[in-house]
Amino acid sequence: MRRVLALLLAACLLALPGCGGDAPQPSPSASPSLPPAASPAPGPVRFSLGYDPASTLHPITGDNQVNRELTGLVYQGLYELDNRFVPQPVLAASGAPSADGYSWSFTLNAGVLFSDGTPLTAGHAAASLNAARAGGPYAARLAGVTGVSAGDDATLTVYLSSPNGSLPALLDVPIVLEQGEGAPPLGTGCYRYEGGKERMSLQANPYHRAASALPYATIPLTPVTGADERIASFDSGGVTAVTTEFSDPYALGYSSSYETCDYPTTSLLYVGFRASSGPCQSSLVRQAFSRAVDREGAAQTLLSGHADPACLPVSPLCGDYDGESAALLGYDLEAAAGLLEQAGYKLNEEDGLRYHRRTPLEVTLLVNSDNESRQSVAEEVAAALRSLGVGVTVNSLSWSGYTAALAAGQFDLYLGEVRLTGDFDPSPLLDGALNYGEYANWELTQALGTWRAARGAARVQAAKELWALFAQDAPIAPVCFKRGSLLVRWGMVSGLQPTRANPFYRIEEWTTP
């Protein structure tokens with residue numbers, strides 16, 4: 001919308017014959033002036049990206065968003081996730097679990113070289129994965145990995161604390177060859193870093209299989225530190241591609257002419273319930289409240305289409321999403337009213353409120369006031385519940401107050417957001433650190449473990465059984481998975497295929513003018 005307004009304003013200014021009565025007017029007796037010298041036509045804008053020289057470029061330990069956008073161009077993992085969250089082999093030629101599921105063995109592709117010509121070995125892969133386990137942005141996803149070891153140059157083994165049939169979905173961790181202290185490590189990706197800290201570029205990696213197909217031999221890197229510099233560089237053309245989340249409160253306000261290409265993410269927006277006390281102890285009430293959530297409306301209207309509606313804590317683009325179970329939790333106010341009736345909450349026609357005996361059905365909905373999008377979703381959920389005769393108080397708190405209220409259990413419902421791992425394991429929400437509502441169901445926990453361990457056809461069946469139990473108990477009410485956006489200056493390139501982990505996915509397939 002900001003871009004459209006900027007373009008309309010520019011068009012209006014160009015259409016006006018004069019703006020301001022104080023502009024000097026030519027004198028009738030003045031000699032005619034010579035025509036101005038022709039200005040050279042502007043040259044084409046070069047494709048260029050930003051980087052933050054104040055932060056590390058190390059892909060395993062660094063957490064700077066701007067620098068992490070470059071990771072997929074310089075480094076590769078054993079696998080990478082496509083936009084249906086299917087792990088595609090990259091450096092791994094094959095992988096298979098042991099009979100008991102507590103380890104996986106992987107064989108590397110032959111002939112892969114780092115950008116200095118050094119052959120990739122299983123030792124490099126093991127060292128990188130163990131470094132990722134030790135700390136940094138990949139540590140949480142690898143919490144279930146107890147060790148990684150190389151057997152020979154071509155094979156490595158990953159050991160697990162519990163079976164995970166979807167382990168490859170977690171192994172898009174960059175595999176690196178360390179250099180001297182302070183220098184970014186080498187990778188096997190299609191580009192490599194060149195230059196010093198203050199003047200850097202990406203140069204095509206001559207040892208990469210797609211080097212001859214890359215659209216750019218060199219990609220200049222522009223130093224940007226902080227949001228203001230990033231906006232200014234993009235608007236001026238110093239940086240020609242960036243990523244953002246339009247639903248994020250800190251989304252950067254780019255105003256130049258650009259094309260937008262969305263990509264799905266694992267960031268789940270959901271309604272949580274206090275299952276240990278209050279009205280939401282009842283699974284019927286939780287089901288009713290889930291059916292009162294207009295997910296399609298939230299995604300399309302409140303999040304401007306930058307989201308995928310979901311009734312389950314797994315992306316609807318993923319093969320493990322079960323449509324039959326999801327339908328049992330979908331938006332249906334009539335069904336929601338019926339579930340509340342079954343739970344014993346009868347509608348009083350005089351005041352329009354629901355009561356269990358003489359106790360009104362009243363709940364507190366907690367939301368973070370720092371996030372405008374979440375507040376809008378929370379208000380819509382509250383409005384839907386009120387239409388069913390539920391008394392709702394929306395408690396909008398600052399981030400510190402919100403997290404404190406969550407920890408203290410001062411809510412009946414809350415609007416939350418979590419970034420799930422690539423295997424869509426919801427364990428943290430159902431029986432882990434993010435289980436603020438103290439939900440407990442041994443049968444669902446068992447089904448969750450069975451699904452996590454399963455592969456192939458067995459996993460499909462395990463997913464059906466898990467999500468059927470989830471629909472019956474409704475421990476949380478997923479709303480949608482947010483989408484990220486790659487912004488590229490208008491007309492520079494076509495064939496964009498951004499993914500959650502790599503906005504420049506398959507850059508060798510891009511088409512340039």
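**Note on the aromatic pairs and overall build**

1. Trp 467 and Phe 470 are both buried (buried is under 20% relative accessible area, exposed over 50%, partly exposed in between, with a 1.4 Å probe and protein chains only). The two residues sit three apart in helix H14, residues 456-473, so about one helical turn separates them. Helices (H or I, at least four residues) and strands (E, at least two) are DSSP runs, numbered from the N terminus.

2. A word on the source. This is a predicted model: local features need pLDDT of at least 70, side-chain atom pairs count only at pLDDT 80 or more, and totals for chains, interfaces and linings use all residues. Residues are numbered from 1 along each chain as its sequence is written, and side-chain values use heavy atoms, leaving out hydrogens and water.

3. The structure holds 15 aromatic pairs. One of them joins Trp 104 and Phe 106: it is stacked, with 5.8 Å centre to centre and 15° between the planes. Trp 104 is buried at 2% relative accessibility. Phe 106 is buried too, at 0%. The rings of Trp 467 and Phe 470 have centres 5.7 Å apart and planes at 85°, so this pair is edge-to-face. Rings of Phe, Tyr and Trp (its six-membered ring) pair if their centres lie within 6.5 Å; planes under 30 degrees apart are stacked, over 60 edge-to-face, the rest tilted.

4. Ring pairs also build a cluster from Phe 47, Tyr 216, Phe 504 and Trp 510. Elsewhere, Arg 459 lies over the face of Trp 451, at 4.5 Å from the ring centre. For such a charge, NZ of Lys or CZ of Arg must be within 6 Å of the ring centre and within 35 degrees of the ring normal.

5. Where does Tyr 436 lie? Its place is the loop between helix H12 (427-431) and helix H13 (442-453). At 27% relative accessibility, Tyr 436 counts as partly exposed. Leaving aside residues up to four places away in sequence, Tyr 436 touches Arg 274, Leu 406, Phe 411 and Tyr 414 (contact means heavy atoms within 4.5 Å).

6. Now the whole protein. It has 14 helices and 20 strands. Its C-alpha atoms fill a box of roughly 90 × 80 × 35 Å along the principal axes. Of the 513 residues, 49% are buried. Among contacts between residues at least 6 apart in sequence, 68% join residues at least 24 apart.
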